[in-house]
Every structure is written in structure tokens, then in C-alpha cells.
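Here are a few notes to read alongside the model. Have it open while you go through them.

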Amino acid sequence: AYIRGAHANGMMTTVKHFPGHGDTATDSHLGVAQVTGDMVRLKSVELPPFQKAIEGGVDSVMVAHVSVPALDADPNHVATTSPAIVTRLLKNQLGFKGIVVTDALDMAALTRLYAANIGRAAVDAFKAGNDVLLIPADLDASYRAMLEAVRNGEISQAQLDLSLIHI
């Protein structure tokens, strides 16, 4: 109902924090939170609100800086940098076709993982399937890392074009 009302009045809508952030013990502004549920729990508790929002025509989804071992066992991935979560789950399985937005890239949940190469967070988030990269911790380093990833073919022109179409 909210999505329909917002759209009827010329507004865009966003649902967050994908794939769920409610049942965590850590504030993502301060560190990496972990969603510890198994697939049964995720499918019955965390994911249904996102499924309903997608069915309702939500315009964008904000991805959380949370670790979700049931979806991606790589300890160096948070949802934001996980192709398994952003592309395979959100886009392919749940069928979301709108704008995918990161949470702020300057949050400690992400900056601690990328302390040695802060610009790399933007590249990995984009490669995971995010269209919009919010508030990089170091804009210049992120810009340079993205530019290099495009120049060396790590990020394809097709992926850039698709993100521009979404936006």
C-alpha cells in the first residue's frame, strides 16, 4: 500500500537493508554484523518483506553490510560485496530489476574489510551488482579504483550500461 501511494504521488520507494538486518548483535556503523539464520529462517523471516516489496514494484533496494554465511560463506564478503547475494539472490532469484544501492561505503563494517585498499570496496560492490555506490570512505581512491577496473576490463561496459539504465 505504501509503495502504491508513493508512486501515485510521484515518489520513488526504497526497501532496506537487504537481505535483512534485524536479528544482529552488531551495529554496521561500528563493525560487521552477522545474520546467522539458516536458509529456512532466511526464507521465512528475513526475505519475505523484500519479496513483497519487489512484487509491489519497489524502485530500489539498499543492500546491507552484513555477513550472511547461509548465503555466502566467504568471510571477506558482506552482502554489499557478494555476487551471490546481490546478483544471484536479489536479481536472479527474487527477480528485482530496479536500482540496487549500497549502504554508505564509509561504514566500519566495510572500511575494516578494505583498510589496505579502500577504493577496492567500490569495485567489489559494483561487481557484486550494486548500481549506486553511496558515500565512499575515500571518493578519490574509489573513483580511481573504479576507473582502473573499467580500463582493465574487470568491470565491463555492459555492466556499466545496465546500471545507467537502472538509474
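This is a predicted model: local features need pLDDT of at least 70, side-chain atom pairs count only at pLDDT 80 or more; totals for chains, interfaces and linings use all residues.

1. Phenylalanine 18 belongs to strand β1 (residues 14-18) and phenylalanine 50 to helix α3, so the pair ties together parts that are 32 residues apart in sequence.

2. Helix α3 (residues 48-55) also packs against helix α2 (residues 39-46), at an angle of about 50° and with the axes 5 Å apart. The two helices are therefore oblique to each other. On the α3 side, Phe50 turns up again, together with Pro48 and Pro49; these meet Leu42, Lys43, Ser44, Val45 and Glu46 of α2. Sorted by class, that contact has five nonpolar residues, two charged and one polar.

3. On to the largest pocket. About 150 Å³ of space lies in there. Its lining is made up of Asn76, His77, Thr81, Pro83, Leu113, Tyr114, Asp124, Lys127 and Ala128.

4. Which helix gives the largest share of that lining? Helix α6 (residues 120-128) does, with three residues. By class, the lining of the largest pocket splits into four nonpolar, three polar and two charged residues.

Note on methods. Residues are numbered from 1 along each chain as its sequence is written. Side-chain values use heavy atoms; hydrogens and water are left out. On a 1 Å grid over the protein atoms alone, a cavity is a set of points where a 1.4 Å probe fits but cannot get out, and a pocket is an open set with protein on both sides within 12 Å along at least five of seven lines; lining residues have an atom within 4 Å of a point. Grid points are joined across faces, edges and corners, and a volume is the space filled by probe spheres set on the points. Helices (H or I, at least four residues) and strands (E, at least two) are DSSP runs, numbered from the N terminus. Ala, Val, Leu, Ile, Met, Phe, Trp, Tyr, Cys and Pro count as nonpolar, Asp, Glu, Lys and Arg as charged, and the others, Gly among them, as polar. Axes are lines fitted to C-alpha atoms, for helices over the stretch in contact, and angles run from 0 to 180 degrees between N-to-C directions. Angles under 35 degrees count as roughly parallel, over 145 as roughly antiparallel, 65 to 115 as roughly perpendicular and the rest as oblique. Contact means heavy atoms within 4.5 Å.
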